[in-house]
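Please keep the sequence and the coordinates in view while reading.

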Amino acid sequence: MLFRFRSHAITHALVVSLILFGSLLAHAQAANDLGDAEGDAVKLFERGQDAHARRDYQLALRLYEEALKLRPEFPEAEYQRGAALQLLRRLPEAEAAYRRAVELRPDWAYPLSSLGALLLSDQRFEEAEKLLDRALEQGTLSLPLRVLAANLRLGQKSNSAALQVLLRVLQRATAKHSSAELWRERGSIEAALGNHGAALASYEQALKLNPQDHAALALRAQLRANKGDFEGALADAQAALRLAPNDGALSLQVIDIYLQAGKREEARRAWAALDAETKRRPEASALHNALLSCEETPENRAALEKALTETPRDAQLLACVGAAYRRADPTRSLEFYRRAAEIEPKNVDLAVGYTAALVQARRFEEAAIIARRVLAVAPERYEAHANLATALYELKRFPEALVEFRWLAEAKPDLATVYFFIATAHDFLGQYAEALTAYETFLARADAQANQLEIEKVNLRLPTLRNQVKRGEGAKQKKGM
């Protein structure tokens with residue numbers, strides 16, 4: 001469930017940032033001794049940026065074009081015109097505008113990287129690679145290139161060819177420039193391509209160049225958490241948060257890693273300390289659901305179902321509601337688990353929960369079928385073996401159940417209850433000698449309080465069973481059973 005650093009408005013963030021950057025350039029131009037026409041062009045350009053920030057791209061485009069009529073050699077206006085055209089999905093025109101901006105200012109990283117990104121998305125890899133190389137010759141990672149990398153990472157497998165191009169560009173750039181930002185972005189691309197060792201090395205190089213790079217720390221935390229190194233991940237995420245204490249995304253990442261590490265109380269305390277604005281972030285809702293207890297109380301069930309009205313297709317939350325109803329209303333519990341499993345059919349945890357709910361609802365045939373499916377992909381999953389063993393036992397398919405119970409006994413030899421079921425299964429099959437051995441093993445491991453009922457049953461059965469064994473009664477167990 002790892003929280004990902006991703007923007008839900010990447011394009012808008014890019015546009016706003018570009019506008020701010022362009023505004024600085026425009027003001028610098030306006031500070032010169034410009035003629036009336038050029039001064040008017042700058043004013044039109046600034047009005048265009050205001051419209052751009054309001055997402056009125058048609059108006060922004062018209063204002064940029066009016067500015068260019070007054071001042072044809074105006075690279076900032078040409079570049080912003082290209083950005084507006086791209087947002088309007090007029091891609092050939094956007095490409096032409098970016099090319100004109102590059103012609104007017106060949107060493108400006110922004111139009112170079114924007115044009116390269118546009119070509120890369122169109123799978124024109126060779127020219128895109130050359131343009132991105134030129135952009136990075138400036139020694140910094142320009143914003144369009146960062147946004148491009150973020151978009152490619154979100155696509156990952158579907159964009160693997162483009163990711164490889166971008167990685168080659170960043171490899172050449174990091175060989176020439178000592179830039180923490182370049183190394184950090186290189187690591188993120190390597191991670192997206194599945195090369196975690198290389199990504200870790202790149203993040204460490206970024207932090208060597210700039211120990212205060214909280215973004216590199218956060219990315220390394222994500223990588224470590226993915227590999228199960230929760231201690232290292234928490235150390236990185238907390239260090240990043242200390243460097244940027246007002247960054248809501250970092251606060252949420254710490255909570256998510258706490259949850260993955262099984263530190264629910266720490267996660268709850270961190271959540272309680274969050275400000276209201278961070279709790280309203282879109283990515284916060286999944287964490288909030290994960291923090292909800294699955295406790296089987298009426299109050300908790302009400303809270304969970306209220307949360308479910310806000311996110312009705314949250315599979316984890318559905319499973320939590322299912323767990324909260326498991327004993328109180330097995331039929332209702334089963335329905336929540338079924339919905340969760342349908343949303344994420346390949347999620348083994350949800351399939352295991354669904355199987356347990358089927359057992360609780362005494363739908364043993366279905367439980368056995370799903371448990372076997374789970375074991376086909378996760379053969380060591382203890383809960384799946386336990387669900388299958390119980391279902392088979394209740395179906396009186398004792399030879400099959402014994403196979404599962406023996407697996408459980410080998411996996412957890414100190415669990416006394418397993419031996420009770422092994423014993424009773426043998427007993428039902430008339431295999432009295434094997435039943436006697438298992439009953440005695442059960443009594444040796446049983447807890448006087450926790451297993452009181454089973455102990456009483458065994459003590460009542462043992463005298464008769466011992467006599468039956470002495471007389472040689474009962475069926476003989478077949479070899480291999």
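A residue counts as buried when its relative accessible area is under 20%, as exposed when that area is over 50%, and as partly exposed in between. By this criterion, 47% of the 481 residues of the protein chain are buried. The model is predicted. Its protein chain has 27 helices and 0 strands. Among the contacts in the chain with a separation of 6 or more, 54% join residues 24 or more positions apart. The chain exposes about 24000 Å², and 50% of this area is supplied by carbon and sulfur atoms.

The interior may be considered next. In soluble globular proteins, nonpolar side chains tend to be buried together. The largest nonpolar core of this model comprises 62 residues. Those with the most contacts inside this core are Y354, F405, V418, I422, Y439, F442 and L465. Helix 19, residues 315–324, contributes the largest share of the core, with 8 residues. Another core, of 53 residues, lies apart from it and includes L63, Y79, W108 and L143. Returning to the largest core, V418 is one of the residues with the most contacts there. Leaving out residues up to four places away in sequence, V418 touches Y382, F405, L408 and A409; F405 is itself among the residues with the most contacts in the core.

Which residues form the contact between helix 26 and helix 27? Two packed helices are described by the angle between their axes and the distance between the axes. Helix 26 spans residues 432–445 and helix 27 spans residues 452–470. The two pack at an angle of about 145 degrees, and their axes are 10 Å apart. The crossing of helix 26 past helix 27 is left-handed. On the side of helix 26, the contact is made by Y432, A433, A435, L436, Y439, E440, F442 and L443. Helix 27 supplies E454, I455, V458, N459, R461, L462, L465, R466, Q468 and V469. Sorted by class, this contact has 12 nonpolar, 2 polar and 4 charged residues. Y439, F442 and L465, which take part in the contact between these helices, are also among the residues with the most contacts in the largest core.

Q123 is located in the loop that runs between helix 6 (109–121) and helix 7 (125–136). Its phi is near 65 degrees, a positive value in a residue other than glycine. Q123 counts as exposed because its relative accessibility is 61%. R362 occupies the loop between helix 21 (348–360) and helix 22 (364–377). The phi of R362 is likewise positive, near 65 degrees, in a residue other than glycine. With a relative accessibility of 55%, R362 therefore counts as exposed.

G353 is placed in helix 21, and its relative accessibility of 9% is why G353 counts as buried. Although G353 and G322 are 31 residues apart in sequence, their C-alpha atoms are 8.4 Å apart in space. Beyond its neighbours within four places in sequence, G353 is in contact with R326 and Y337.

A371 belongs to helix 22. Is A371 buried or exposed? A371 has a relative accessible area of 1%, so it is buried. Between A371 and A356, 15 residues apart in sequence, the C-alpha to C-alpha distance is 8.9 Å. Setting aside residues up to four places away in sequence, A371 touches T355, A384 and L388.

A215 is part of helix 12, residues 214–226. Because its relative accessible area is 25%, A215 is partly exposed.

Notes. Residues are numbered from 1 along each chain as its sequence is written. This is a predicted model: local features need pLDDT of at least 70, side-chain atom pairs count only at pLDDT 80 or more; totals for chains, interfaces and linings use all residues. Side-chain values use heavy atoms; hydrogens and water are left out. A nonpolar core is a set of buried Ala, Val, Leu, Ile, Met, Phe, Trp, Tyr and Cys residues joined through side-chain atoms within 4.5 Å. Buried means under 20% relative accessible area, exposed over 50%, partly exposed in between (1.4 Å probe, protein chains only). Helices (H or I, at least four residues) and strands (E, at least two) are DSSP runs, numbered from the N terminus. Contact means heavy atoms within 4.5 Å. Axes are lines fitted to C-alpha atoms, for helices over the stretch in contact, and angles run from 0 to 180 degrees between N-to-C directions. A crossing is left-handed if the near helix is turned anticlockwise from the far one by less than a right angle, and right-handed if clockwise. Ala, Val, Leu, Ile, Met, Phe, Trp, Tyr, Cys and Pro count as nonpolar, Asp, Glu, Lys and Arg as charged, and the others, Gly among them, as polar. Accessible areas come from the Shrake-Rupley method with a 1.4 Å probe; for residues, only the protein chains shown count as cover.
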